[in-house]
Amino acid sequence: MGAGRVGTTLATLLDERGHSVAIIDQNPDAFRRLDPTFNGRRVTGVGFDRDTLRQAGIEDAYAFAAVSNGDNSNIIAARVVRETFGIDRVVARIYDPSRAAVYERMGIPTVPTVRRTTEAVLRWMMPPDAWVEWVNADGQVSLVRARPTAAWYGLDFAQIEKLVGHRLAFLSRLGSMRVADPKDILQEHDELVFAMAGTDSVPVREVLTRDPQELT
């Protein structure tokens with residue numbers, strides 16, 4: 001919901017990654033920000049209106065992002081989507097930090113600013129994933145950032161490195177990046193950075209979305 005800079009950037013990224021996307025805005029002129037190649041659905045209407053949401057396909061949605069320029073609209077839409085349509089992966093953009101804390105306690109993640117908002121919304125919306133974070137000039141070496149499924153929580157990094165088959169180089173935890181220690185234990189929301197040959201992150205994703213007990 002919201003075809004501003006964040007909404008259109010987010011919708012474009014999801015569309016480019018092959019996902020089915022619908023974007024909602026009250027102003028049909030706002031959709032001009034979308035790239036001409038955008039394949040998703042454009043829905044004109046109020047983002048917390050149930051009929052508008054149904055028109056956008058909310059009943060079949062995996063996730064919902066409320067990223068309009070109004071805190072009230074965003075939080076109402078987020079609550080309607082979660083409480084009426086039962087969508088678990090819901091995130092809202094909130095400008096007022098004092099209100100954000102309240103909504104976090106209600107179980108609705110909130111995020112700030114344009115590029116950081118888009119990236120943070122994607123992390124909240126998407127299932128565990130792996131993607132190339134950095135690649136050298138000739139494409140021979142890359143760093144792949146990954147978020148394992150919950151089944152991996154509690155494993156130490158030595159075990160994870162052995163199961164994945166790539167060097168676990170760095171850990172991102174609570175917004176802080178550091179060199180990974182083999183004795184570290186994986187926690188919820190951790191992001192792991194693997195050093196690997198080439199740029200194919202798909203095998204890493206496939207391993208980390210499986211139950212590690214199946215790999216031993």
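Predicted model: local features only at pLDDT ≥ 70, side-chain atom pairs only at ≥ 80, totals over all residues.
Residues are numbered from 1 along each chain as its sequence is written, and side-chain values use heavy atoms, leaving out hydrogens and water.

Let's begin with the overall picture. The chain has 7 helices and 10 strands (DSSP runs numbered from the N terminus: H or I of at least four residues for helices, E of at least two for strands). Of its 216 residues, 44% are buried, meaning under 20% relative accessible area with a 1.4 Å probe, protein chains only; exposed is over 50%, and partly exposed lies in between.

Now look inside. The largest nonpolar core has 19 residues (a set of buried Ala, Val, Leu, Ile, Met, Phe, Trp, Tyr and Cys residues joined through side-chain atoms within 4.5 Å). Strand E3 (63-66), helix H3 (71-85) and strand E4 (89-93) each give two or more residues to this core, and H3 provides the largest share, 6 residues. Leu53, Ile58, Phe64 and Val81 have the most contacts inside the core, where contact means heavy atoms within 4.5 Å.

A second, separate core of 18 residues includes Ala130, Trp152, Val164 and Val207.

Finally, visit His189, in the loop between strand E9 (176-179) and strand E10 (191-197). His189 counts as exposed because its relative accessibility is 54%. Its phi is near 75 degrees, a positive value in a residue other than glycine.
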